[in-house]
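Colleague: I am new to this structure and would like a close look at one part of it, the place where the strands pair. Please walk me through what surrounds that part as well.

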Amino acid sequence: MSRSGVTPDWLAVDWGTTHLRVWLMAKDGSALERLESDRGMGCLARDEFEPVLMDLLSEFDLGSSIVTIVCGMAGSRQGWAEAPYVAVPCAPPGVSNATQFNAGVFDVHILPGVKQQKPADVMRGEETQIAGYLVENPDFDGILCLPGTHCKWVHISAGELVSFRTFMTGEMFALLSDQSVLRHSVATDDWDQAAFDTALSDTLTRPSDLAAKLFSLRAEGLLNDMSPATARARLSALLIGAELAAAKPYWLGQQVVILGADNVASAYHAALTAQGAMVRPSDADNMTLAGMTAAYHSLKDT
């Protein structure tokens, strides 16, 4: 008997660069328990993945061999084992394309990412969220926006990923707010929504002077006592606004679904709504789990 009487039938593992999330799953696709760790791919050597996962699950009875469906950066070249990319246009790659191997008690199936030659682009992990969304919305044609450290805009048609673009907006925000000259100006968790709305509209109209507007945040704090809450909201709006200006061919006149559930997703939703876009939210965690559940069922059907 395992902790709390939980005996999983299989494991769903989302292994990103900085975080690890594991769901202990029942046969019917329901999650029995959810665990998290900060032992992301970025801090692990290849031979550390299996012991890290075993340590996280040490209180549970996993049997002698448990199916383990993995998505995300564990399949990168520097990860647990490389899962080669599938090229667009393509359906979201599933377990038939997975890299399979055994590691201790884990019967591992790492789902592959997706690549695009022109313009060059790649994704790992988001394709599983997309697979989950299409399982629940098989007739969807439109745009999926997946905010995060690297925001993805994905054109979906006839059940396939047609094209996509990645923007480093989230990483730029983190670098500028934590390591640049702006770090003192935006040192707060407070938020000025009116400042966000104004800066977003201005940036969408004139995105070319982004670098100058960024330094103005520092100058206005020094000269005009602009509050950190206003500066932080404006910084977010400047970066998201520049992204939306460049991504306009994806969202203008299209049905857009935002796969996300945090403050970043809310900021994108507000920004797109302000531009009159047809936009609605969807929970990214649920879609990730739906995608891995579809992969598990596909494996069991073979």
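Modeller: Leu 144 has Val 257 in strand 13 as its bridge partner. Strands here are DSSP runs of E with at least two residues, helices are runs of H or I with at least four, and both are numbered from the N terminus. The model is a predicted one, in which local features need pLDDT of at least 70 and side-chain atom pairs count only at pLDDT 80 or more, while totals for chains, interfaces and linings use all residues. Residues are numbered from 1 along each chain as its sequence is written, and side-chain values use heavy atoms, with hydrogens and water left out.

Two strands count as paired if DSSP finds at least two bridges between them. The open sheet around this pairing has five strands in the order 12-11-10-13-14, with mixed pairing. Strand 12 (160–167) and strand 14 (278–282) are its edges, each pairing on one side only. Neighbouring strands of the sheet are turned by 20° against each other on average, direction ignored. Axes for such angles are lines fitted to C-alpha atoms, for helices over the stretch in contact, and angles run from 0 to 180 degrees between N-to-C directions.

Helix 2 lies across strand 10, strand 11 (151–157), strand 12, strand 13 and strand 14, and runs at about 135° to strand 10. Contact means heavy atoms within 4.5 Å. Nine of the 11 residues of helix 2 (residues 126–136) are buried, so the helix is largely enclosed by the rest of the structure. Buried means under 20% relative accessible area, exposed means over 50%, and partly exposed lies in between, with a 1.4 Å probe and protein chains only. Among the buried residues of helix 2 are Glu 126, Gln 129, Ile 130 and Tyr 133.

Strand 7 can be described in the same terms. Five of the five residues of strand 7 are buried, so this strand too is largely enclosed by the rest of the structure. Phe 106, Val 108 and Ile 110 point one way from strand 7, Asp 107 and His 109 point the other way, and all are buried. Strand 4 runs parallel to strand 7 and is joined to it by five bridges, with Thr 68 opposite Val 108. Strand 6 runs antiparallel to strand 7, also with five bridges, and Thr 99 has Ile 110 as its partner there. Strand 6 and strand 7 form a hairpin with two residues between them, and Gly 104 in the turn has a positive phi of about 60°.

Strand 2 has six of its six residues buried, so it is largely enclosed by the rest of the structure. One side of strand 2 carries Leu 20, Val 22 and Leu 24, and the other carries Arg 21, Trp 23 and Met 25. Strand 1 is antiparallel to strand 2, with six bridges, and Val 13 stands opposite Val 22.

The largest core has 27 residues, and Trp 15, Leu 57 and Trp 80 touch the most other members. Elements giving two or more residues to this core include strand 1, strand 2 (20–25), strand 4 (66–72), strand 6 (99–103) and strand 7 (106–110). A second, separate core of 26 residues includes Cys 151, Phe 167, Ala 199 and Leu 204.

Aromatic rings complete the account. Rings of Phe, Tyr and Trp (its six-membered ring) pair if their centres lie within 6.5 Å, and planes under 30 degrees apart count as stacked, over 60 as edge-to-face and the rest as tilted. The count by this rule is seven aromatic pairs. One of them is the stacked pair of Trp 10 and Tyr 296, at 4.4 Å centre to centre and 5° between the planes. Trp 10 lies in strand 1 (residues 10–15) and Tyr 296 in helix 9 (residues 284–301), so the pair ties together parts that are 286 residues apart in sequence.

Conventions: Core = buried A, V, L, I, M, F, W, Y, C linked by side-chain atoms within 4.5 Å.
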